[in-house]
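Hi,

Here is the structure I promised to pass on to you. Please open it beside this email, and my notes on it follow below.

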Amino acid sequence: MTFAVAIHFQRIIFYASVGTEELGHMEMIAAMVHQLTREMTMEEIKAAGFDKYFVDHTNGVYPVSAAGVPFTMSYLGVKGDPIADLSEDMAAEQKARVTYDNILRLVDDPDILDPIRFLREREIVHYQRFGESLRIVQDNLDAKNFYAFNPSFDK
């Protein structure tokens, strides 16, 4: 088996594991949003600025940013280059950690704080695992200048 094929299979297994966990994270966030909004009165909805969201989604969980920008698959920056992709993954984990840090600054509800702290810890672990994977890829490349080519495509 060539190095490129071995790296490809390793990445598939790693991404499947992390991807499954990330779907679990999304489920946790959706459950928290549902718990916080399911019994809101129309007055509370309007006072919270939730009325525009309510018009389109009632109190259903629809993945949008805090600014109201809907989730799109274009957020997943896959290039097919292990160095570029792992660097992107590391950045995404750090951005998620900062978001959780900001939520922790704003919220005082223990039913929200505990799961957010857990999710924040997982982002740190994922960042470390992606960093380890990046080091493994870089250490096993044949070329010294691994930023000048795509190791999964260029031979």
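The largest nonpolar core has eight residues: Val18, Ile83, Leu86, Met90, Phe130, Leu134, Val137 and Leu141. A nonpolar core here is a set of buried Ala, Val, Leu, Ile, Met, Phe, Trp, Tyr and Cys residues joined through side-chain atoms within 4.5 Å; buried means under 20% relative accessible area, exposed over 50% and partly exposed in between, with a 1.4 Å probe and protein chains only. Helices H4 (82-106) and H5 (110-139) each give two or more residues to this core. Helices are DSSP runs of H or I with at least four residues, numbered from the N terminus. Another core, apart from that one, has five residues, including Met32, Tyr100, Ile112 and Leu119.

Please keep in mind that this is a predicted model: local features need pLDDT of at least 70, side-chain atom pairs count only at pLDDT 80 or more, and totals for chains, interfaces and linings use all residues. Residues are numbered from 1 along each chain as its sequence is written, and side-chain values use heavy atoms, leaving out hydrogens and water.

Among the buried residues of H4 are Asp85, Asp89, Glu93 and Arg97.

Lastly, which loop holds Thr58? Thr58 lies between helix H3 (51-57) and H4. Its phi is near 50°, a positive value in a residue other than glycine, and at 43% relative accessibility Thr58 counts as partly exposed.

Enjoy exploring!
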